[in-house]
Amino acid sequence: MERSPLRRRALAACTATVAVGALALAGLTGTASADPASTAPTGTASADPASTAPTGTASADPASTPAEGSAQLPPGLLKAMQRDLGLTAAEARGRIAGESRAAALTAGLRYSLGERFAGARVSGADAALTVATTDASDAARIAKAGARAEVVGHSLAELDSAKAALDAVALRTAPKDVPAWYVDVRSNRVVVQAGKASAADAFLAKAGVSRDLVTVARSSERPRTFTDLRGGDAYYMNGSGRCSIGFPVRRGTQGGFVSAGHCGTPGVSTSGYNQQAQGSFQGSTFPGRDYSWVATNTNWTPRPLVNGYGNGDVTVTGSTEAIEGSSVCRSGSTTGWHCGTVQQRNSSVTYQEGTVSGVTRTNVCAEPGDSGGSFLSGSQAQGVTSGGTGNCSQGGVTYFQPLNPALQAYGLTLVTNGSTTPPDPTDPPTVPGGTWAAGTTYAAGDVVTYGSASYRCLQGHQAQPGWTPPNVPALWQAV
């Protein structure tokens, strides 16, 4: 959000240490542009949508989708992965494919291990998968599935429960001198970052969380949200403040986009970067979470694209969540494409406005002006940037708000290259006798019917054409 000149000068004085806002990617475009400032308004609807729509269809096997889609990754994203992760272009494509397969395999093992599951992570350019369990007898099963087994003392459910207790306290009153906390599957602990040990002790005592589950890490971070400078395809709130488009979405036949919650509240009107009327915020949550959605007028056509800044736009194919250790990339007008890895999911961070929980912590750098924009892993949408610390000269930490919870909260459908005509909510299910439908976002635990059988969702994702429950056991379990 753009602030007064005095405020901007004050912020500029501390940009080396302040928190980073998510870079904005071109999300809501009629005709994708490598340079929004020098071309026709991105909000203008294309005369022939079919002529600009990305080619390709979603694979029937989500584990193989990134392997196929990685060959189509734009040069800009591949260059960023090579620069930031030390990979060749071939290694980057292979890593994306391996990480997608690891995510699918993890979903199945998480379901079969049940309460003994203690998290998973990938490592190295070959995306080697490690799956943790609290029971040594599971090691053979994990190894047979193709992963390295690790036996630990605490289940993921136990650690998540401890973190949830901390979240509950923080949502009532944000803790002082405790910038962030998260479940770290590598150490099998809840990590609490704090400026002073006494601050961490007070926080744990108030939440009733045992130190046996916790590692306290000294930290001088002071995370903040940032929307002061223009991101990718900018939009304006009430003609003044400014943020960035995250991902284009639909709600029935209504088009729009998701962004950060701190960018605006319901009812606030928006205009495009060209100052043409665009839409208004329909939903927004911040703090607590950091997501929002804006409904746009018919002059703006949602496309499954993220601005590539002159290096080829990224085509979005889905929203399957990447696991710890996976590579993630972001793009924005302030710093361009930058990549890193997922450090911890289900993290919590305290900004000056309050605590935000359920965000993903990464080592991707970002700088002021990047808030609200897109995070991707390969071609899979991950979330919208919330905030962080540091910059792209010295490095830093950036948190993003996962996309799927936002889609679920507002009943939205991510626009992907597999999207077809916007669904009519009054239409019957697309599968005769079943409730499963492509384009729908499912959360772990959701139950659908397909044909005459029922299936339970194992991993949150947005269903793509061909990803029918019988064909993707990594995502669906017959019940």
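How many helices and strands make up the secondary structure of the chain? In this predicted model, the secondary structure comes to 9 helices and 28 strands.

**View 1. Overall chain and its contacts.** The chain has 479 residues, of which 56% are buried. Its accessible surface comes to about 17,700 Å², and carbon and sulfur atoms account for 52% of that surface. Of the contacts between residues at least 6 apart in sequence, 64% join residues at least 24 apart.

**View 2. The cis peptide bond between Phe 286 and Pro 287.** The bond from Phe 286 to Pro 287 is cis, and its omega is near -10°. Pro 287 belongs to the loop that links strand S13 (277–285) with strand S14 (291–296). Most peptide bonds, by contrast, are trans.

**View 3. Ala 127, a buried residue with positive phi.** In Ala 127, a residue other than glycine, phi is positive, near 55°. Ala 127 sits in the loop between strand S1 (117–123) and strand S2 (128–133). Because its relative accessible area is 8%, under the 20% limit, Ala 127 is classed as buried.

**View 4. Asp 177, a partly exposed residue with positive phi.** Asp 177 is not a glycine, yet its phi is positive, at about 65°. The loop between helix H7 (156–172) and strand S4 (180–184) holds Asp 177. The relative accessible area of Asp 177 is 23%, which lies between the 20% and 50% limits, so this residue counts as partly exposed. Most residues other than glycine have a negative phi.

Terms used. Residues numbered from 1 in each chain as written. Predicted model: local features only at pLDDT ≥ 70, side-chain atom pairs only at ≥ 80, totals over all residues. Heavy atoms only, no water. Helix = DSSP H or I, 4+ residues; strand = E, 2+ residues; numbered from the N terminus. Buried < 20%, exposed > 50% of the residue type's maximum accessible area, 1.4 Å probe, protein only. Contact = heavy atoms within 4.5 Å. Areas by Shrake-Rupley, 256 points an atom, 1.4 Å probe, with all protein chains shown as cover.
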